[in-house]
Amino acid sequence: MAFNDLFIRTARLQPTEATPVWMMRQAGRYMSEYREIRANHTFLEMCYDPDLAVEITLQPVDLIGVDAAILFSDILVLFPGMGLDLEFQTGIGPVINNPIRSLADAKALRFGDPDRDTPYVMESIRIARHELRDKVPLIGFSGAPFTLASYAIEGRGTREFINCKSFMWNEPEGWDVLMSKFTQSIIDYMCAQIDAGAQTIQLFDSWVGFLSPRDYEQRVLPYSKQVLDAVVSYGKGKADDGGDVPVIHFANGATSMIDLVQQAGGNIVGLDWRLDMKRAVNLIDSRFGIQGNIDPISLFASEEEIKAKVVDILEAVGKRPGHIFNLGHGIQKTTDPDKARHFIKTVQEESRRIRS
Ligand code: CP3
């Protein structure tokens, strides 16, 4: 099979004959092939073992037909090396047993070091690139400073962010120490992924949608901007073909402050499903690509309904360069893989028609 570079050309904002498509959380529990491996391993074992991580990375490429692979890993794998005691508990999700609650805790945290802490991630990227040589490009990723800080402070998932916001407001020095440590550690981690062969990088800011625009602008955006500027500039000319490594910024739940999200930088703005694509195309500056944005629950609708929703989004974008189709957030674990395949195929066929 010839290498399918549609995703990379699109991410570099070149005009293309079709729209590439992948799905956040595409390697995961909705696939029986994933669950079979998971039955014999803990989640973290699977992240730490490059052979397993690569096998899972390839599953949606070979079995669902997506146009890009994303490394199987987690945003929280940075934590153990920095001194945060991370566990995944069944029924709860990620738990940090020694959360950050004071300035002293923030000061005691170590900077992440990719060579020391996450060599298995870089090894997985190198092996995945080899396995994907006749297939599709590989996306690397990291959590953004706010999303990582919120887990470090709360110690587990939350919908309220009471500890996190209290710390942000009441301990401004501790907040700056913590956010700055994550910022530098994330930059080093993402640059190491580029060196290992990641062809595009996505920054996940999954929880900024819980912030007011003012708090985002004053206490979060400057750190995200530092990460995005540093990684965009590091990735210039770093791809195998001498081209740039594009950077996607996914700020979930943040479409009501999409102006601020653009100020943070990057090359491609990732959208959740809460913003209509027609409006997005007007609101997002033409120097950015756009990634998104069908509601992930749409995959529970009929095939006809899925097609209508896909065509709606494709027509709203028209022939604007730089559109990467994706779900507005991660695929749900009870999704029927046949529906996922239908969705992918529909984007591929309908976008060829609309862009021709
Ligand atoms: O997209 C992909 O397929 C790549 C792999 C990937 C995973 N997590 C695999 C995973 C990526 C990019 C992530 C990112 C991630 N991890 C985010 C940001 C993305 C987003 O959705 O906005 C967040 C917030 C996390 C933290 C995390 N990891 C949570 C909340 C959970 C779910 C806990 C649960 O049990 O529901 C995880 C675990 C996780 N990460 C799984 C997978 C496939 C499931 C683990 C399992 O098999 O039990």
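Which residues is W175 in contact with, leaving aside its neighbours within four places in sequence? In this predicted model, the contacts of W175 are F146, A149, I153, C164, F167, M168, R219, V220 and Y223. W175 is also listed with M23, F79, F182 and F343 as the residues that have the most contacts inside the largest nonpolar core, a set of 131 residues. Helix 11, which covers residues 172-196, supplies the largest share of this core, with 13 residues. In soluble globular proteins, nonpolar side chains tend to be buried together.

Helix 11 also packs against helix 10, which covers residues 162-170. The axes of the two helices come within 5 Å and cross at roughly 110 degrees. An angle of 65 to 115 degrees counts as roughly perpendicular, so helix 10 is roughly perpendicular to helix 11. On the side of helix 10, the contact is made by C164, F167, M168, W169 and N170. On the side of helix 11, P172, G174, W175 and L178 take part. Seven of the residues in this contact are nonpolar and two are polar, while no charged residue is present.

The protein as a whole contains 17 helices and nine strands. Its radius of gyration is 19 Å, close to the 21 Å that the globule rule gives for 356 residues, and the protein is therefore as compact as a globular protein of that length. The C-alpha trace spans about 60 × 45 × 40 Å along its principal axes. Buried residues make up 59% of the 356 residues. Among contacts with a separation of 6 or more, 72% join residues 24 or more positions apart.

Residues up to four places away in sequence not counted, V95 touches D85, L86, E87, Q89, G155 and R156. Between V95 and L178 there are 83 residues in sequence, counted as their separation, and 18 Å in space, C-alpha to C-alpha.

Not counting residues up to four places away in sequence, N326 touches W22, M23, M24, Q291, G292, N293 and I294. One of these, M23, is among the residues with the most contacts inside the largest nonpolar core.

Conventions: Residues numbered from 1 in each chain as written. Predicted model: local features only at pLDDT ≥ 70, side-chain atom pairs only at ≥ 80, totals over all residues. Heavy atoms only, no water. Contact = heavy atoms within 4.5 Å. Core = buried A, V, L, I, M, F, W, Y, C linked by side-chain atoms within 4.5 Å. Buried < 20%, exposed > 50% of the residue type's maximum accessible area, 1.4 Å probe, protein only. Helix = DSSP H or I, 4+ residues; strand = E, 2+ residues; numbered from the N terminus. Axes fitted to C-alpha atoms, helices over the stretch in contact; angles between N-to-C directions. Parallel < 35°, antiparallel > 145°, perpendicular 65-115°, else oblique. Nonpolar A, V, L, I, M, F, W, Y, C, P; charged D, E, K, R; others polar. Rg over C-alpha atoms; globule rule 2.2 N^0.38 Å.
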